[in-house]
Amino acid sequence: MIRRVRPRSVEPRKLDADERLRAAYMAVATFLEPRLDGIVAAVGDLLREEIPAYRAEEGRRLHQNVRTILAIALDQLRQGHAPGSTDTAAITTLARRWASEGRPLDQRSFQLGARQVTVAVAEHASELGLDGLDGTTLFAMQDAAWDWATVCASILADVQRDHEVAAARRDATHQTEFLRDLASGGITPERLAREADALGLDIHQPYFAVEAECEGATPPSMLETHIRRSGATQHRHPLLVVLGRRVVAVVPKVPAEYEGVTIAVGPPAMLQQAHASFSEAAEALATARAFGITGIVDLATLGPLPLVTEAEMLAQRLGERHLHALDARGPAGLELEETIRTLLDLDRNFDATAAALHLHRNSIRYRVRRFREITGLDLRCTQDLVTAWWLLKRRQAASTGGI
């Protein structure tokens, strides 16, 4: 008699948590794939409703962008994985392309998209077998979706910041090139008409050229802000660039003084003739720095001082003729030079000069006579007076590095 052995029933192997999650991801991929276009449309509608920047986006382009992102996520789900760090390179590439095209880069878009997808999945959790006994699989998938959205939002923020920094640098470079060409007279009328409005300038109104240089601890950014604010009018604004510690600008009105800083201003001119205004501002700044003059300066307020730094050959010849013998006397010659320069700075007032140098009035008269004997320059003669003033002021400027 053959004894039949009844086969024992084999219970199906229980899946561990990771295997259940992988199976769930693949089931969700199968569920989403035929519904992708509908979900993309719903996400697009949500983005337009919640984020104003997307309302101006062309519908077909927005649909394509959302679909591209969801397709990346779907590809991972098919493989039983949650979208994650492996997708960051692709998301970064997309975000950079969108930034270059001027597309909105709002970080909330990924959170809103993830929410829309997880809501759609949760509504069908039972038929997908995701709710289980305690819902842990569904919760794990929702957490993974939110984590991915957070990572993607961070990528958007980084790309947007990099794009804004790059744009600011391009703007700064453009402004620098524009002002440089404006100052040199190298800008064509066609380019001026094309670019001035974009830079906030009015080609039908005059501007002042400004050149200023920071001294000591004054930050160039603070000087730039000061000129930008005080050089603006109600309807027109300055255009400025910072070059090292120097601020160069065209302003609709003369800016206010800035304590301890020399701000040189050229005469008002239409932008096409701004190079002449810049030329005067640069000369005024060089002269003021040579003589330690601060405040608002222009060529007119500096009087004949700008002439002091010119005519190098003439200064050399006159110096050899009149000051060589003075230099040969060493400290005594320097003492005479200081006395005469102080006298001329004080409009040949002997009493004021004596007080400034702590000397007797007769000592000043004696030194004036000795200066005449040594240099041949008689301060009672107009031509000699002008020559002495010019040579001594030139030496003063040279001692400060101004020439």
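## How confident is the model?

Keep in mind that this structure is a predicted model. Averaged over the protein chain, the pLDDT is 87, and 93% of the residues reach 70 or more. Among the chain's elements, strand β4 has the highest mean pLDDT, at 96, while helix α6 (residues 125-128) has the lowest, at 80.

One stretch deserves a careful eye: across residues 5-15 the pLDDT falls below 50. Beyond near neighbours in sequence, that stretch has 2 contacts in the model.

## Strand β1 and its partners

Let's turn to β1, which spans residues 208-213. This strand is mostly covered, with 5 of its 6 residues buried. It pairs with β3 (residues 246-251) through 6 bridges, and with β4 (residues 262-265) through 4 bridges. β1 runs antiparallel to β3 and also antiparallel to β4.

## Helices α14 and α15

Two packed helices are described by the angle between their axes and by the distance between those axes. For α14 (residues 331-345) and α15 (residues 350-357), the angle is about 130 degrees and the axes lie 9 Å apart.

Which residues make the contact? From α14 come Glu 338, Thr 339, Thr 342 and Leu 343; α15 contributes Phe 350, Thr 353, Ala 356 and Leu 357.

Technical notes. Residues numbered from 1 in each chain as written. Predicted model: local features only at pLDDT ≥ 70, side-chain atom pairs only at ≥ 80, totals over all residues. Heavy atoms only, no water. Buried < 20%, exposed > 50% of the residue type's maximum accessible area, 1.4 Å probe, protein only. Helix = DSSP H or I, 4+ residues; strand = E, 2+ residues; numbered from the N terminus. Pairing = 2+ DSSP bridges. pLDDT = per-residue confidence, 0-100. Contact = heavy atoms within 4.5 Å. Axes fitted to C-alpha atoms, helices over the stretch in contact; angles between N-to-C directions.
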